[in-house]
Amino acid sequence: MPESMILTVVLLLPAVGALALAILPSGSKGMLRLTALASTTLAFLVSILLWTGFDASSHAMQFTSEAPWFALGDFQAHYAVGIDGISLFLVLLTNLIMPLCILSSWHVEKHLKGYLISMLALQVGMVGVFIALDLVLFYLFWEVMLIPMYFLIGIWGGERRIYAAVKFFLYTAAASLLMLAALITLYFKVGSLNIVEVTQALSSGAVFLDETTAFWLFMAFFLAFAVKVPLFPFHTWLPDAHVEAPTAGSVILAGVLLKMGTYGLLRFCLPMFPEVAVDVAPTVSWLAIIAIIYGALVAMVQPDVKKLVAYSSVSHMGLIVLGIFAFNMEAVEGATMQMLNHGISTGGLFLLVGMIYDRRHTRQIEDFGGLAQSMPVFAAFFMVITLSSIGLPGLNGFVGEFLTLQGTFLANPVYAAFATTGVILSAVYMLWMYQRVFLGKMTNQENSALSDLSPREIGLLLPLVLLALWMGVYSSAFLRPMDASIQKVVERVETVQNQTMRVENRGY
């Protein structure tokens, strides 16, 4: 397969799968499930070619493909796709999580065809966001992702699913309009829709933006991405969406959708508007610190396991944003690694919570206790993923958290000190939850008859556990391909920081 075609094939496989599902009769549920699983699995297997063929020494976009899309006078959009070290593993993570989500949904019966089509359409949108190199194409995929997730929550969610779906849609759609305004303004200022060309024009000085224009463009992008992260105080949609979404929806939200926000910060805000990023960094850093500590404290008092994991996402994503705005290699690379770690560990936790909910139809911590006696295999998997989430050395979470905190300390020791309390608190609420659910005496006899994990459930959890171990023991395999691309972004911001320091010194 030609390299230029790999990304297009990865993008089209779930789209073709969705089309096949639309043609198949609704009654052939086995065939519907197998078709969805086959298309998502093939997409993952093809995307591995991106990793094996990736040139880790280059920061340039790779596996690029471009073709005219539509034109209105001088305005011409292109189908332009490509990846660098920042987007490589996000594409792989997306395509890994999707077949696991299909497997976790094996017993879904309600409107099965619509459910699976929504899942595959969501995969197209998420992958498209990470590979799009055209501003219009990026915005299209960003919006496409909204619709299937809205339906997943609103149709297959819990009791308050309509409220959660509408809230999710309104928050994200409103923020997206700001981004659309910024994209249009960028085009008229730079004269190009290609993200790489726009970034180069702004960084080389070929196009100059006055301070006011740069500030408002940065803020439009930043607010769109901050809502998606979600960063405090834009986080209130997330716990509702997580709790009401079906298990697969929660996994996708935590595993991929939130990363679209932090990816946008690295793709747009820092390289295009570094001067503004440096100016607002203290404010953003404090918002991230509030998210870290607030999310951890609220998670600690949750009686619902799923809501506890949802608020832990607010805390963990705050740490990622803090690392990005530390503007050094250690912190930004740690934050990028932590995007992957969070997808694996929190996605795994939501899968595990879904499994116990299927058996007991409750997520209240008080309804459990001593669960390790009747479900020892489940308890073992839950423990490994829990330790991964709190950053135990030897597992994936440790590498990302350590690098992020190390880089944050180099930038500002006070920020690092506050952020470290969030890491400590995460161990408190996760281990305390594990103790109450799995250890001690079995206080509720309904739990004694629960069946342990089935082979299907073990099969979909095993890849996440193996990845957590691999990334914790041999993290360089994941960090090395990121180096050149992240270095390019960091150098862009450091140049501005150095110029600012020289001006301040001369003024002094």
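A salt bridge here is a side-chain nitrogen of Lys or Arg within 4 Å of a carboxyl oxygen of Asp or Glu. I start my notebook with that rule, and with a reminder to myself that this is a predicted model.

**Entry 1: salt bridges**

How many salt bridges does the rule give? I get a count of eight.

I looked up Glu-109 and Lys-29. Their closest N and O atoms are 2.8 Å apart, so by the 4 Å rule the two form a salt bridge. Glu-109 sits in the loop between α3 and α4, while Lys-29 belongs to helix α2 (residues 29–52), so this pair ties together parts that are 80 residues apart in sequence. I also checked how open the two partners are. Glu-109 is partly exposed at 44% relative accessibility, and Lys-29 is partly exposed at 27%. Which residues are linked with Lys-29 in a network of salt bridges? I noted Arg-33 and Glu-109.

**Entry 2: Arg-363 and Asp-304**

Next I went to Arg-363, whose side chain meets that of Asp-304 in a salt bridge, at 3.4 Å from N to O. Where do the two lie? I found Arg-363 in the loop between α14 and α15, and Asp-304 in the loop between α12 (274–300) and α13 (305–324). The pair therefore ties together parts that are 59 residues apart in sequence.

**Entry 3: Arg-359 and Glu-457**

I then followed Arg-359 to Glu-457, another salt bridge, with the closest N and O atoms 2.7 Å apart. This one links distant parts of the chain: Arg-359 is in helix α14 and Glu-457 in helix α19 (residues 455–473), 98 residues apart. Glu-457 has a relative accessible area of 6%, and I call it buried because the cut-off for that word is under 20%.

**Entry 4: two histidines with positive phi**

Now for the backbone. Most residues other than glycine have a negative phi, so I wrote down the exceptions I came across. His-111 has a positive phi of about 45°. I placed His-111 in the loop between α3 (85–104) and α4 (112–131). His-111 counts as exposed, at 54% relative accessibility.

The other histidine is His-361, with a positive phi near 55°. I found His-361 in the loop between α14 (329–360) and α15 (371–374). Its relative accessible area is 58%, and because exposed means over 50%, His-361 goes down as exposed.

**Entry 5: cis peptide bonds**

The bond from Val-229 to Pro-230 is cis, with omega near -10°. Where is Pro-230? I see Pro-230 in the loop between α9 (211–228) and α10 (237–244). A cis peptide bond also joins Phe-232 and Pro-233, with omega about 10°. Pro-233, too, is in the loop between α9 and α10.

**Entry 6: Val-166**

My last stop was Val-166, which I found in helix α7 (residues 161–190). Is Val-166 buried, exposed or in between? I have Val-166 as partly exposed, with a relative accessible area of 34%. How far is Val-166 from Ser-104? The two are 62 residues apart in sequence and 25 Å apart in space, C-alpha to C-alpha.

Definitions and conventions. Residues numbered from 1 in each chain as written. Predicted model: local features only at pLDDT ≥ 70, side-chain atom pairs only at ≥ 80, totals over all residues. Heavy atoms only, no water. Helix = DSSP H or I, 4+ residues; strand = E, 2+ residues; numbered from the N terminus. Buried < 20%, exposed > 50% of the residue type's maximum accessible area, 1.4 Å probe, protein only.
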